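Reader: I would like to go through a protein chain step by step. Could the discussion begin with its strands and then turn to the chain as a whole?

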Amino acid sequence: MYIDVIRYYEDCDRTLGELYVDGSPFCFTLEPPQRQQHGRIAAGEYKVINYPSAKFKRMLPLLMGVPGRAGILIHAGNVPEDSAGCMLVGELDGKNLKNSRSTLAKLLRCLRVPWEEEEEVIMRISEHIVHN
């Protein structure tokens, strides 16, 4: 299974993108901007695994092999302050997200979290960013 994130917007507070699952549009993403200490995830391809998050008390997708980073999760959140470098998912609401918890629940069902260990999930992140 492939998750593609195509980033399209960045300002001083946030980076926005569109998330696709196996080529079909699924939701939007929000990350910190590149210039912050824990900024957006570097463009590239990452294996995604199940991870038992102590903070969120549930299994969440964790990106493996992010250069210079560890503990990068996909989780719920609607505004930049909800992320310390992770990727938030939801419906677009201006420059923020809404319905993030329900969007995450749908994504987890789609990914069948927790999935079987032999099933491979890959996230590909690319950028077509307009800076403001």
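Author: Strands β2 and β3 run antiparallel and are joined by seven bridges. Two strands pair if DSSP finds at least two bridges between them; helices (H or I, at least four residues) and strands (E, at least two) are DSSP runs, numbered from the N terminus. This is a predicted model, in which local features need pLDDT of at least 70, side-chain atom pairs count only at pLDDT 80 or more, and totals for chains, interfaces and linings use all residues. Residues are numbered from 1 along each chain as its sequence is written, and side-chain values use heavy atoms, with hydrogens and water left out.

Reader: Which residue in β3 is the bridge partner of L19?

Author: Strands β2 and β3 are antiparallel neighbours joined by bridges. In β3, L19 is paired with C27.

Reader: Which residue takes a positive phi in the hairpin of β2 and β3?

Author: This hairpin has two residues between its strands. The loop in question lies between β2 (15-21) and β3 (24-31). The residue there with a phi of about 50°, although not a glycine, is D22.

Reader: Is D22 buried, partly exposed or exposed?

Author: Buried means under 20% relative accessible area, exposed over 50%, and partly exposed in between (1.4 Å probe, protein chains only). The relative accessible area of D22 is 49%, so D22 is partly exposed.

Reader: Is K57 buried or exposed?

Author: K57 is found in the loop between β4 (44-53) and β5 (58-63). Its phi is also positive, near 55°, in a residue other than glycine. Because its relative accessibility is 72%, K57 counts as exposed.

Reader: How many residues of β2 are buried?

Author: On its other pairing, β2 is joined to β1 (residues 2-10), again antiparallel, by seven bridges. Strand β2 is mostly covered, and of its seven residues the number buried is six.

Reader: In which order do the elements run from the N terminus on?

Author: The protein chain has one helix and nine strands. From the N terminus on, the order is β-β-β-β-β-β-β-β-α-β.
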